[in-house]
Each structure stands twice: as C-alpha cells, then as structure tokens.
Amino acid sequence: MSSTLDSLPPALAKIVQRFQRASEPKRRYEQLIWYAQKLNEFPEADKLPENKVPGCVSQVYITAGLDDGKVIFQGDSDSQLTKGLVGLLVEGLQGLTPTEIVQLTPDFIQETGLNVSLTPSRANGFYNIFKTMQKKALEFKLDLPN
C-alpha cells in the first residue's frame, strides 16, 4: 500500500484499490461504466456555463452544494466513460469538508492506473474534472466563517 493511499479519504482509497485490482483496461472501463450508471439524474436546468468543466472534449457538468459543512456533488457528461470518471470522483469526494477536498492532491489519479488506460485527452479531462470540484469546494471554504 502506498503512502498516497493512506492519506486518501476512505471512500476514495476504496475506489483506488478497486481500480488497482482491475489489471486489464477492459475491467477498468467496465468499472467506469458502473460509476456512470450510479450517478443521480442531472437536472437539465443545471447545464449552465458556470457548471461546465473547462478543458474537456466531452460536455461535463459539475454542481456542488453544502450540507451540514459537507460538500455534495452532482455531475454529468455526454460520454459514458467521462461520466464514469465524474461518478468515480463524486463518490470519492462526496461528503467531505471543503478543506479536505482542497487539500487533496491529484496523485490518486495515477494510483488508479486509469491514466494508462485512458486517451491523453480523457486523462487530462479527469484532472480537469477533479480541479473543477476542488474549485467549487474552495468557494464554500471561502464562504465559511472562521
């Protein structure tokens, strides 16, 4: 087990381990499709420019809300594989505090092994989705009283 895995929030560590066990790219893709199917229905009304993830070839949308100090994400994409990446991140970051999300480094993306299976543009999109989620969490952190 790597030091990166130890420092991850439990839900995200579990996801990373799940992908590490899937040695073939086909299995990783199947897992991504599974995460895509787990996502809640994304409201059409939230498909706004301010919720669009920049730097993605696919259309990707992320919204965030705050519930009792914890960030709740929703997301969608017009591509099933990218939607799976969104689902993976939503599940892994859901219910963390803004501070916990902002402090995460994207190293875990390499730990999943997905960067090897994905095309360069998808791998870059994965990173952009993660950075967008961090940015939304940071906005909550800035709004919280000290």
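Tutor: Let's start with a term: accessible areas come from the Shrake-Rupley method with a 1.4 Å probe. In this predicted model, the accessible surface of the protein chain comes to about 7,700 Å².

Student: What share of that surface belongs to carbon and sulfur atoms?

Tutor: Carbon and sulfur atoms hold 51% of the accessible surface. As for burial, 46% of the 146 residues in the protein chain are buried.

Student: How does the radius of gyration fit a compact globule?

Tutor: The idea is to set the chain beside a rule for its length: a compact globule of 146 residues would have a radius of gyration near 15 Å, and the protein chain, with 14 Å, agrees. The C-alpha trace spans about 45 × 35 × 25 Å along its principal axes. Among contacts with a separation of 6 or more, 64% are between residues 24 or more positions apart.

Student: Could we try one residue? Where is Lys-136?

Tutor: Lys-136 lies in helix α8, which covers residues 120-143.

Student: Is Lys-136 buried or exposed?

Tutor: Lys-136 is buried, yet has no salt bridge. A salt bridge needs a nitrogen-to-oxygen distance within 4 Å, while the nearest side chain of opposite charge, Glu-139, is 5.4 Å from Lys-136.

Student: Which residues is Lys-136 in contact with, leaving aside neighbours within four places in sequence?

Tutor: Lys-136 is in contact with Glu-50, Asn-51, Ile-62, Thr-63 and Ala-64.

Methods:
Residues numbered from 1 in each chain as written. Predicted model: local features only at pLDDT ≥ 70, side-chain atom pairs only at ≥ 80, totals over all residues. Heavy atoms only, no water. Helix = DSSP H or I, 4+ residues; strand = E, 2+ residues; numbered from the N terminus. Buried < 20%, exposed > 50% of the residue type's maximum accessible area, 1.4 Å probe, protein only. Lys, Arg positive; Asp, Glu negative; His and termini not counted. Contact = heavy atoms within 4.5 Å. Rg over C-alpha atoms; globule rule 2.2 N^0.38 Å.
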